[in-house]
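Visitor: I have a model open and would like to learn how to read it. Could you walk me through it, feature by feature?

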Amino acid sequence: MALGEAVLLEIEDDGAATITLNQPDRRNALSAEISAGLSEALEEIEGSDARCVVLEGSGGSFSAGGDIERMVEAIEDDIPADDRVRRLERSTNELMTRLVDFPIPTIAAIDGPAVGAGANLAIACDVQLASESAAFGFVFRQVGLSVDAGTSYLLPRIVGENVARELVLTGDIFGADRAADLGLVNHVYADDEFDVRVDEFVGKIVSGPPIALRHANRLVGEGLEKSLDQALTDEAVAQGIVFETDDHAEGVNAFLEDREPEYDGR
């Protein structure tokens, strides 16, 4: 499915949904077309039977972040700062909020550069898988800007405040191995194995119990904002919901019968 051609969406029968950023000539920068297409793709997926979402870029780049052409246009047209802020809030901010809060597990498949807001697109997903050719950088300073797209929220939670300050103050670009060392990616795969390894990882997610995994994923995401008592209470509430599912009964029966469970999402 093409969403204005800037973003492609494919939903497989097994429940794996793939969103492809598809403006390779612009290195999949967050243009208005990509932002709108990505939002539309997430809406389409949420109304489907998808069990997992893979976000990837085409043409050897994940995403180059901010749309430089749009920045030039804003400077040349002398667009007021207030208008530019409102545009940022309407597009990037709404998109990032939706991606971070998305109820279906999300996986960033990073094969090539993910910089600036593009790096934030990657770390806003629940799991990050990188090829050896991937590169990362929170490079807002390179165009004379502060940070946006959730950098100040997402980055310190993953790498800690001190390292986050270093990455945004220097704007350094670094490779997949350092990203893994910092906890920004879960796995780094060889370039020639990347697609196969990503498919294997996605297979583990889509074969699981969808309702239970959605609750588990949500609870982990909310955990840092809660007290222990609140976390325990919320976990008990979620288990009460999942106890009633056919998938729970299937999981128990499969365990007793020493076979692989077949979850149907009910």
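Guide: Let's begin with strand pairing: two strands pair if DSSP finds at least two bridges between them. This is a predicted model, by the way. In strand S7, Leu-129 is the bridge partner of Ala-109.

Visitor: In which sense do S5 and S7 pair, and over how many bridges?

Guide: Strand S5, residues 106-110, runs in the parallel sense with S7, and four bridges join the two. S7 also pairs with strand S10 (residues 187-189), again in the parallel sense, over three bridges. There, Val-188 in S10 stands opposite Ala-130.

Visitor: How should I read the two faces of a strand?

Guide: In a regular strand, side chains alternate between the two faces of the sheet. For S7, one side carries Val-127, Leu-129 and Ser-131, and the other carries Gln-128 and Ala-130.

Visitor: What share of the residues in the protein chain is buried?

Guide: Buried residues make up 41% of the 266 in the protein chain. The chain has eleven helices and ten strands. As for contacts between residues at least 6 apart in sequence, 65% of them join residues at least 24 apart.

Visitor: Now the nonpolar core. Which residues of the largest one touch the most other members?

Guide: A nonpolar core is a set of buried residues of the nonpolar kinds, joined through side-chain atoms within 4.5 Å. The largest one here has 48 residues, and those touching the most other members are Ile-19, Ile-45, Ile-110, Leu-121, Phe-136, Phe-138 and Leu-184. Helix H4, residues 117-124, gives the most to this core, with six residues. A second, separate core has 13 residues, among them Cys-52, Val-54, Val-127 and Val-198.

Visitor: Which residues does Ile-45 touch?

Guide: Leaving out residues up to four places away in sequence, Ile-45 touches Leu-9, Ile-11, Ala-17, Ile-19, Ala-50, Val-53, Phe-102 and Ile-104.

Visitor: Next, how do I find empty space inside a model?

Guide: Rolling a probe the size of a water molecule over the atoms shows where empty space is left. This structure holds one cavity of 30 Å³ or more, and the largest cavity has a volume of about 30 Å³.

Visitor: Which residues line the largest cavity?

Guide: The lining is made of Ile-19, Leu-42, Val-53, Leu-55, Leu-99, Thr-106, Ile-107 and Cys-125. Strand S4 (52-57) and S5 are the elements that give two or more residues to it. By class, seven of the lining residues are nonpolar, one is polar and none is charged.

Visitor: Thr-106 is on that list. Why does it count as buried?

Guide: Buried means under 20% relative accessible area. Thr-106 counts as buried because its relative accessible area is 2%. Thr-106 lies in strand S5, and beyond its neighbours up to four places away in sequence it touches Val-53, Leu-99, Cys-125, Asp-126 and Val-127.

Visitor: And where is Asn-120 found?

Guide: Asn-120 is in helix H4, and Asn-120 is buried, with a relative accessible area of 0%. Setting aside neighbours within four places in sequence, its contacts include Met-96, Phe-138, Phe-140, Asp-148 and Leu-154. Asn-120 and Leu-154 are 34 residues apart along the chain, with 7.5 Å between their C-alpha atoms.

Methods: Residues are numbered from 1 along each chain as its sequence is written. This is a predicted model: local features need pLDDT of at least 70, side-chain atom pairs count only at pLDDT 80 or more; totals for chains, interfaces and linings use all residues. Side-chain values use heavy atoms; hydrogens and water are left out. Buried means under 20% relative accessible area, exposed over 50%, partly exposed in between (1.4 Å probe, protein chains only). Contact means heavy atoms within 4.5 Å. On a 1 Å grid over the protein atoms alone, a cavity is a set of points where a 1.4 Å probe fits but cannot get out, and a pocket is an open set with protein on both sides within 12 Å along at least five of seven lines; lining residues have an atom within 4 Å of a point. Grid points are joined across faces, edges and corners, and a volume is the space filled by probe spheres set on the points. Ala, Val, Leu, Ile, Met, Phe, Trp, Tyr, Cys and Pro count as nonpolar, Asp, Glu, Lys and Arg as charged, and the others, Gly among them, as polar.
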